[in-house]
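Dear colleague,

Please find below the structure that I am handing over to you, followed by an account of what was found in it.

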Amino acid sequence: MIKPNIDSTSFIAKGAAVYGNVTIKKEANVWYNATIRSVDDPIIIGEGTNIQDNAVVHTDKGYVVEIDGKVVNAYVCTKCMKGSKKDK
């Protein structure tokens, strides 16, 4: 499994889980008990984005999830926020 790429200026709260092909850009925040997981395709959390408490972000095979910078997310997110089927 690919390991996450987490910018050193971002904040990951205790109890948050970040697994797999995940990039978290500078000054992004992942709050308590949030889960971001990707087995295959990437999840990109943009600069300054805030993933709030208990939010869940994950991908389905063949989809990329990108949450642009300065977004506040407090929902379950699958194939969303600029998610698009990869060209094959």
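Trp31 is partly exposed, with a relative accessible area of 26%; the term covers values between buried, under 20%, and exposed, over 50% (1.4 Å probe, protein chains only). The model is a predicted one, in which local features need pLDDT of at least 70 and side-chain atom pairs count only at pLDDT 80 or more, while totals for chains, interfaces and linings use all residues. Residues are numbered from 1 along each chain as its sequence is written, and side-chain values use heavy atoms, with hydrogens and water left out.

The whole structure holds 2 aromatic pairs, that is, rings of Phe, Tyr and Trp (its six-membered ring) with centres within 6.5 Å, called stacked under 30 degrees between planes, edge-to-face over 60 and tilted for the rest. Phe11 and Trp31 form a tilted pair, at 4.9 Å centre to centre and 50° between the planes. Phe11 lies in strand S2 (residues 11–12), and Trp31 lies 20 residues apart from it, in the loop between strand S4 (29–30) and strand S5 (35–45). Strands are DSSP runs (E) of at least two residues and helices are runs (H or I) of at least four, numbered from the N terminus.

Trp31 also pairs with Tyr32, with ring centres 5.9 Å apart and planes at 50°, so this pair is tilted.

As for the chain, it has 11 strands and 0 helices, and 36% of its 88 residues count as buried.

Yours sincerely
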